[in-house]
Amino acid sequence: MIIRPIKVIEMHEDLKILMAGLQAEKAALLEKTASLHARRDELIAQIRPLEEEEREIIRQYQAIERPRLGELDDQIAALAMAMGGRRLSNPEAA
Amino acid sequence: MATFNKFNCFVEDMAEKVHNLGADQLKYAYTNSAPVATNTVLANITQITAANGYSSGGVSVTTSSSAQTSGTYKLVLADSVLTASGGSVGPFRYQVLYNSTAAGGPLIGWYDYGSGVTLADTETFTVDQDPSAGALTNV
């Protein structure tokens, strides 16, 4: 004689119903925002060429400025301090 | 040695594309009111009066390098000088580092000089960065 675990089977059925409900809610939620995600993707696609152009401009001016601009600032600061100017000294890395 | 105090928002801003520390223009805004870690944008900072060499928005700082080594990021900033010109500047005590390129001027961190300073005409105040330690690191 076989005894079926009726309670376990019923519990699994309850969990299946619960899971189906959650999946349906998730699908409805994502459907609700799908057009917004699509619009964002469109905007990103439009922005991307501008970002690439910006990166190229950054590359160009940094190639000219670095490292000399920072060296000039450091030398100007060294002179200001040598002339007795106030100084916030050696800020530590965080 | 001045301690670098980080604004809380900075770590999230770093993770959410607010900053491009390798390219954006960073500045020191000068203030005599103590910043708090929960401040987020430049508008939260009461700057000193814009006059006699101090412009609203503060003093630009040059980024010397922005790079990682073995997985540790380091931002190296050049020294920055504020010069009083035509009159006094201040009083101020705090130098607030922020991003002037990003919208709203998101805050990064601040230094505390320890006491209020007023620069007389022609006097200077230098934020003297340590190039080996960097202004900030991120592991």
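A: Two strands are said to pair if DSSP finds at least two bridges between them. In this predicted model, strand S1 (residues 86–88) of chain A and S9(B) are joined by three bridges and run parallel. Within this pairing, Leu88(A) has Val127(B) of S9(B) as its bridge partner.

The contact between the chains involves further residues. On one side stand 30 residues of chain B, and on the other 20 residues of chain A. Several strands of chain B supply at least two residues each to the side that touches chain A: strand S1 (4–6), strand S6 (80–83), strand S8 (107–119), strand S9 (124–127) and strand S10 (136–138). Sorted by class, this side of chain B holds 14 nonpolar residues, 11 polar residues and five charged residues.

Two of these contributors, S1 and S8 of chain B, also belong to an open sheet of five strands, whose order in chain B is S1-S8-S7-S2-S3 and whose pairing is antiparallel. S1 and strand S3 (59–61) of chain B stand at the edges with a single partner strand each, so one side of each has no neighbour in the sheet. On average, neighbouring strands of this sheet are turned by 30° against each other, with direction ignored.

At the S3 edge of chain B, three bridges connect strand S2 (residues 26–31) of chain B with S3(B), and the two run antiparallel. Here Tyr28(B) is placed opposite Val59(B) of S3(B).

Notes: Residues numbered from 1 in each chain as written. Chains lettered and ligands numbered in written order. Predicted model: local features only at pLDDT ≥ 70, side-chain atom pairs only at ≥ 80, totals over all residues. Contact = placed C-beta atoms within 7 Å. Helix = DSSP H or I, 4+ residues; strand = E, 2+ residues; numbered from the N terminus. Nonpolar A, V, L, I, M, F, W, Y, C, P; charged D, E, K, R; others polar. Axes fitted to C-alpha atoms, helices over the stretch in contact; angles between N-to-C directions.
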